[in-house]
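Please keep the structure in view while reading.

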Amino acid sequence: METLTDLLTSGAAPWWAVPVGLTAGVLLGVLATRIGARPPRRNAAVTAPLRAADRALQVRFLHAADSVYNHLFEADHSALAEADLTEALQSDDLHLRSVARGIVDLDAIVNEMRLSAPDPVLAAAVALFGYLTAVSSDGTDDLDEFRDRYLTRKSAFVDAVRAAHPPAGPVPA
């Protein structure tokens, strides 16, 4: 076998082939290492708008639920029990119409949540929506019980959202 000096001095390879080959090998190795160590493209900047959209949806849900809740306190419960959704949407009674419009809005928001919300958040939203829908169609005689059950379900929803999306920084005491 020939030595490196013999190979370089013979006509088999040009003198510059070894340094160029070494440099090319090192550069390819560095490039391969960097490509393999790249973080996935889905970083915080990409997921932030999704989280903001989820937050906006959850805030819309809470706003619509609170609106239905407030109008249920003011609505004539005998009118609620007698009217179906179509009639309620066309009613001259502001509270009855607002409850019906709120139920329709909540239904749309819950359906939108089905596409992106984590399971615990969706389950809490469905429970709150179902409760408000039941009260709006069946009515209630005990407003204190209605308030307590509503606030319990609303708190469960808020807790589920907080567990799914913890605050970025320390929570003030």
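## Helices around the cavity

Helix 3 (44-74) and helix 6 (94-116) each contribute at least two residues to the lining of the largest cavity. Helix 3 gives the largest share of that lining, three residues. The model discussed here is a predicted one.

## The cavity itself

Rolling a probe the size of a water molecule over the atoms shows where empty space is left. In this structure there is one cavity of 30 Å³ or more. The volume of the largest cavity is about 30 Å³.

Which residues line the largest cavity? They are Asp54, Leu57, Gln58, Met113, Ser116 and Ala117. By type, the lining of the largest cavity consists of three nonpolar residues, two polar residues and one charged residue.

## Ser136

Ser136 belongs to helix 7, which covers residues 119-138. Is Ser136 buried or exposed? The relative accessible area of Ser136 is 11%, and because buried means under 20%, Ser136 counts as buried.

Two kinds of neighbour can be described for Ser136. The side chain of Ser136 reaches the backbone oxygen of Thr133, at 2.8 Å. Leaving out residues up to four places away in sequence, Ser136 also touches Leu72, Leu80, Val99 and Ile103.

Technical notes:
Residues numbered from 1 in each chain as written. Predicted model: local features only at pLDDT ≥ 70, side-chain atom pairs only at ≥ 80, totals over all residues. Heavy atoms only, no water. 1 Å grid on protein atoms, 1.4 Å probe; cavity = no way out; pocket = protein on both sides within 12 Å on 5 of 7 lines; lining within 4 Å. Points joined across faces, edges and corners; volume = space filled by probe spheres on them. Helix = DSSP H or I, 4+ residues; strand = E, 2+ residues; numbered from the N terminus. Nonpolar A, V, L, I, M, F, W, Y, C, P; charged D, E, K, R; others polar. Buried < 20%, exposed > 50% of the residue type's maximum accessible area, 1.4 Å probe, protein only. Polar contact = N/O pair within 3.5 Å; in protein donor to acceptor, adjacent residues only side chain to side chain. Contact = heavy atoms within 4.5 Å.
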